[in-house]
Amino acid sequence: MRQNISLRLKGIFVTVGFPILALLILLYVMQDWESKENLQILFIYTLLTVIVCFAPIRTYHAVLTLNSAIILSGILLEGTWLGTWSAILENILLAFLFKAHKKMLPNIGQWLVTIWIVGCLKTWLDSYNIPWMIADVLLMFVFFVANTGLCAILISHYVNVSWWTKVKEMVRGGTSVYFLLMIMGDIGARLVAHFGWLAILPVSIAFLTINVVFRQYFNGLIKLEEKVAEVNSLNHSFLTALAHSVDARDPYTHGHSHRVASFGREIAKELHASQRFVDDVYFGGILHDIGKIGIEDYILKKEGKLTDEEYERIKEHPVIGYQILKQSGVFEELLPAIRSHHERIDGKGYPDGLKGEQIPLIARILAVADAFDAMVSDRPYRKGMPVDEALNRIDAGAGTQFDVELARVFVQYIKKLPPDKLEAMIRSEGRMATQNEATLEEVLV
């Protein structure tokens, strides 16, 4: 309820508040409008604004126009009226170029609020005769904070994400480039103030040079990212094929690796782990049983009770999988998942008898996911147990078989899932397992 109210208030502020603020600030600035007395300056800034609309700086995660630098330099040289003119002109041009007429007034509003804040700060700093270098640094910082915060409100409303999430994305996406542009705008304003308008030529050349260099640099990064994504896609296909080669040996195990990987990935997400670690958990789950390739069929598929020797043999699959992956020389980050997913917190697991945090986190996560899938999946001799019963067993095993925190996180995650989604996850790529596989994976009978 509170979230809905917050979203509505934000919507009202963006669609109504920003345009009203734009009108009020424009009326305020008009009192000091000096365009008639400064037609040359107005012409130059009109020309610069039009040019920069067609020459954005492309960074790795964002596209930035040069107009923030143009607006700042205008405020420094002539006051808020010149920055206001440049901002309004830019937004009108962009609205027609990108057919975003509905967003034009709110966007003008957030820009004019930024300009008004910076203009008021400049007036206050001038009144105290603050040295220009210190004043300019403060103005650039306030300009960045105000523009980023207000722009994040605008974008978060239209794309339906949280304001703070958008702020973090914007800061990560182009802060260094943004400040570089602001510094260039500041230097340009000071050079023009000291040497006259001819000084704008070397500054313009510098801007164009930066634009070309950044365009080439970030285009190279984007191409590299595309190649990395292509390699990751191939890796995913390769790992999935390996997992299917294990599952295909027994029709009852089909889909097990995929489900363990999916449950493990969700646990990692609940821990707010990095995307790289989340991916490692998923791929580790895909490959966690790869060592069963080395287990003889008559043992793996045996319906009767295993002999002690056969049981010890099947328990070797984590080491076999570990050796296969290690000798391949690839996916070394997944080795702990392969070797240690049958270890127990109390040290009674295998193959190494690790205890507590000696067990790698990725393996502790997959141990919970592996056991849950074993318990809720159908078997030839019984139906999968109810989810509530499986969760109770995981709760009971916390601190002995499972990591206490991971068991708690997983149980809470499963309980908050809609029943239809949970059922789809459990039954995905339908699976039944042999009794001997159950012996290895079920817990707390």
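Among contacts in the protein chain (a contact being heavy atoms within 4.5 Å) between residues at least 6 apart in sequence, 70% join residues at least 24 apart. The model is a predicted one, in which local features need pLDDT of at least 70 and side-chain atom pairs count only at pLDDT 80 or more, while totals for chains, interfaces and linings use all residues. Residues are numbered from 1 along each chain as its sequence is written, and side-chain values use heavy atoms, with hydrogens and water left out.

Confidence is expressed as pLDDT, the predictor's confidence in each residue, from 0 to 100. Its mean over the protein chain is 83, and 86% of the residues reach 70 or more. Among the elements of the chain, the highest mean pLDDT, 94, belongs to helix α14 (residues 335–340), whereas helix α19 (residues 435–441) has the lowest, 40. Over residues 430–445 the pLDDT is below 50, although this stretch has 69 contacts in the model beyond near neighbours in sequence.

The secondary structure of the protein chain consists of 19 helices and two strands, where helices (H or I, at least four residues) and strands (E, at least two) are DSSP runs numbered from the N terminus. Of the 445 residues in the chain, 47% are buried, a word that stands for under 20% relative accessible area, with exposed meaning over 50% and partly exposed the range in between (1.4 Å probe, protein chains only). The chain exposes about 22800 Å², of which carbon and sulfur atoms supply 63%; the areas come from the Shrake-Rupley method with a 1.4 Å probe, and for residues only the protein chains shown count as cover.

The axes of helix α3 (residues 67–77) and helix α5 (residues 101–127) come within 10 Å and cross at roughly 35 degrees, the axes being lines fitted to C-alpha atoms over the stretch in contact and the angles running from 0 to 180 degrees between N-to-C directions. The crossing of α3 past α5 is right-handed, that is, the near helix is turned clockwise from the far one by less than a right angle. On the α3 side Ser68, Ile71, Ile75 and Leu76 take part, and they meet Trp111, Ile115, Val118, Gly119 and Lys122 in α5.

Thr84 lies in helix α4 (residues 80–97) and counts as buried because its relative accessible area is 1%.
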